[in-house]
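Biologist: Could you show me the model, so that we can go through it one question at a time?

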Amino acid sequence: MSERILLRGGRVVDPGRGVDAVQDVLLADGTVVSVAPGIEAAEGTHVLDCDGQVVCPGLIDVHVHLREPGEEHKETIATGAESAVAGGFTSICAMPNTDPPIDDPAAVGFVAAEGRRAGFARVYPVGCISAGRAGERLALVGEMVDEGAVAITDDGSPVMNSGLMRLALEYAQAFGIPVADHPEDVGLSANGQMNEGIVSSRLGLAGKPNAAEDIHIVRDLLLAELTGGHIHLQHVSTSFGVASIRRAKERGVRVTAEASPHHLVLTHEAVEGYRTDAKMNPPLRTQEDVDAVRAGVADGTLDTIATDHAPHHYDEKEAAFADAPNGIVGLETALGVVLTRVVGEGVIDLPTMIDRMSCQPARAFGLPGGTLAEGSPADVTVFDPTATWTVDPGAFRSKSRNSPFTGWELTGRPTTTIVGGRVVWSG
Amino acid sequence: MSEPGTPLGKDLIGLEGLDADQILAILDTAEPFKEISQRRIKKVPVLRGKTIVNLFFEASTRTRISFEFAEKRLSADTVNISSTGSSVTKGETLVDTARNLEAMSIDMVVMRHGSSGAARFLAERIPSNVVNAGDGWHEHPTQGLLDLLTIRDHRGSIEGLKVCIVGDILHSRVARSNIHGLRALGAEVAVCGPRTLLPPVPEDLGCVVFTRVEEAIEWADVLNVLRLQLERMEAGYVPSLREYNRIWGVSRKRLEAAEREILILHPGPMNRGVEIDSDVADGPHSVILNQVTNGVAVRMAVLYLLAGGQPEKAEAAKQGGEA
């Protein structure tokens, strides 16, 4: 059961309401009761001293892979949700590219139920766009929404058929959910192992050119404009992609978009030495692209920072580069990496970071949270912005260890994660 | 990396990163080993008692045989493991293969693998010396070295030469090793082929680019003509072998248009009438069989050096001493 919690004396940052001041936050019965200076603690209130800490609306990650059902050796809904709260996330959106894929209402209900049972972060299911993720005809979108799906996507694969994408963008409007797409023209990138460029040329690895992503982003923007639907572009990694989204927003196209922490701080140079922990899709690109993704987050072109948390078993990553799967875990490093290397380098300030990691994700996917307004869900992240730590995947709550940030010295880490008024993690 | 007196470290994974002194030391070490293959009894005890595994995950005839001759002529004990499929499709992972080799205390592994980076992957996981016999599209360093030795044999020095690699550069480990080795020794390097078979930005690798073979021939002192693999045509990189030959084939007529004599190399196996015409392959400027001969000497030199041998002692070692 939830209790009365008073978060005392922290720096409360609530960008949605323009709050950035030392205040107290009182939570009770699963909701935010009040945010004000000098709140008295009634008897029985659990008081947490937050001096020197940042108190903000709980972080929300709209892009995680929990691998259940089908690949429970990599992650389960429970371990993924625990990894989330250890990283300061109070809500996560589970991608449907499981085995079998989450493409019907029963499967959506399973993910939601397992998330509730785990009792860590809120787990919001995302359903498939197409039945069986086959890219041919629409999945049972309406019934999936009834069971709790908050968006649809065939993530892991793009929707290559433009006609199907048009239908999805039209059909989803009845339910007020975004259509999320993994933008990649696979005809251009089919065998690619990394970014196409100088590093791929030297290493002798097949490349994925920026154009593969750019073409697909532009197509999706045109279809959103045509249909009036809400397109959510996942893990944008290219300079031209960011510029295209910026122009589309100026035209009034309903588009939201993600940047991943790794695309904000790493380039294709990280693959040197055939490091499979730097293998992901879209691939790490050039410094010019990193700079553009940073500028996109700074000016709001890219609304959200989302991890694309993609657990893989160590056996699978311990392989020749072409044989290793794409993806890295991100939930437990995102806050530290963004604080240290994005906020720390002056790309965005701390309130903007919280906006991109909490307020905007809530807005993009229509989720509760993202605010400390009175009466809103008591989902709160408390973090120490000055704590330094070294990334040790052995200490992750996630089942997987595949991180390119292993050994990094980071500044800033979550100390308390509260979901629905309940402390679900403290570190 | 390298210890005093030896130009190589534990492994030979690629020519990228080796400097001119290191490469020249290998070539110089190969010189005295050339003579062994001309003897009546082609065997010296340089690697006596050493065990070498030739681990070939991709089909290979000449590279595997060349290594095997080099090993046997140095008196090493060798085991050949061949598998046309990759270790993964066989069910055993490369890391398990590595651990099994380690458990059998072998001294060296010569590996050919279809994945770029596989040789380095293995080398980082076992204490034995690893020689890359070709990894994916990445590198084939002993082929690069034997090409360098052959060019040096015929032109005295590599420095200042203009060498053009013709054909499928994109998918070629031979091209990458040649580019790094030639550039380290001061050659100017060009690549020539249809744009579909060149890396996205060949200039990134320090190469001049020609899209027409006539221009390459006009420019070059040496042509290294690569095999056009049939699967490239099937995958649509070029429309037909006949068209490839008409536009990029190295023909006698095209060579005769050049003012200078051009040395012709080919790493084999050749597709006569596709990338190279027979009268060129068999012609007076072809050194293709010299490459094969030099392959054995270069591989002897590499094995000797990785076993701890010193370049200046190669002549003595060959007379009866051990590495």
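Biologist: In this predicted model, which residues of H7(A) meet residues of H8(A)?

Modeller: The H8(A) side of this contact consists of A:Phe240, A:Gly241, A:Ser244, A:Ile245, A:Ala248 and A:Arg251. Sorted by class, the contact of the two helices holds 6 nonpolar, 3 polar and 4 charged residues. The residues of H7(A) that meet that side are A:Asn210, A:Glu213, A:Asp214, A:Ile217, A:Val218, A:Leu221 and A:Glu225.

Biologist: Are H7(A) and H8(A) roughly parallel or roughly antiparallel to each other?

Modeller: Two packed helices are described by the angle between their axes and the distance between the axes. For helix H7 (residues 210-227) and helix H8 (residues 239-251) of chain A, the axes come within 9 Å and cross at roughly 10 degrees. Angles under 35 degrees count as roughly parallel. H7(A) and H8(A) are therefore roughly parallel.

Biologist: Is A:Arg133 buried or exposed?

Modeller: A:Arg133 is found in the loop between strand S8 (122-125) and helix H3 (141-146) of chain A, and although this residue is not a glycine, its phi is positive, at about 55 degrees. A residue is buried if 20 or more other C-beta atoms lie within 10 Å of its own. Because A:Arg133 has 22 C-beta neighbours inside 10 Å, it counts as buried.

Biologist: Which are the edge strands of the open sheet in chain B?

Modeller: The sheet is formed by 4 strands in the order S2-S1-S3-S4, with parallel pairing, and neighbouring strands are turned by 15 degrees against each other on average, direction ignored. Strand S3 (residues 108-113) pairs with S4(B) over 5 bridges, and B:His113 stands opposite B:Asp135 in S4(B). An edge strand pairs on one side only, and the edge strands here are S2 (77-82) and S4 of chain B.

Biologist: Which element gives the most to the side of domain 1 of chain B that touches domain 2 of chain B?

Modeller: The domain assignment of chain B gives domain 1 (20-140 + 292-318) and domain 2 (141-290), and 23 residues of domain 1 are in contact with 22 residues of domain 2. Helix H1 (20-34), strand S4 (129-135) and helix H13 (288-306) of chain B each supply at least two residues of the domain 1 side. With 7 residues, the element that gives the most to this side is H13(B).

Terms used
Residues are numbered from 1 along each chain as its sequence is written. Chains are lettered from A and ligands numbered from 1 in the order in which they are written. This is a predicted model: local features need pLDDT of at least 70, side-chain atom pairs count only at pLDDT 80 or more; totals for chains, interfaces and linings use all residues. Domain bounds come from an automatic or database domain assignment. Two residues are in contact if their C-beta atoms, placed from the backbone, lie within 7 Å. Axes are lines fitted to C-alpha atoms, for helices over the stretch in contact, and angles run from 0 to 180 degrees between N-to-C directions. Angles under 35 degrees count as roughly parallel, over 145 as roughly antiparallel, 65 to 115 as roughly perpendicular and the rest as oblique. Ala, Val, Leu, Ile, Met, Phe, Trp, Tyr, Cys and Pro count as nonpolar, Asp, Glu, Lys and Arg as charged, and the others, Gly among them, as polar. Two strands pair if DSSP finds at least two bridges between them. A residue is buried if 20 or more other C-beta atoms lie within 10 Å of its own, exposed if 12 or fewer, and partly exposed in between; C-beta atoms are placed from the backbone.
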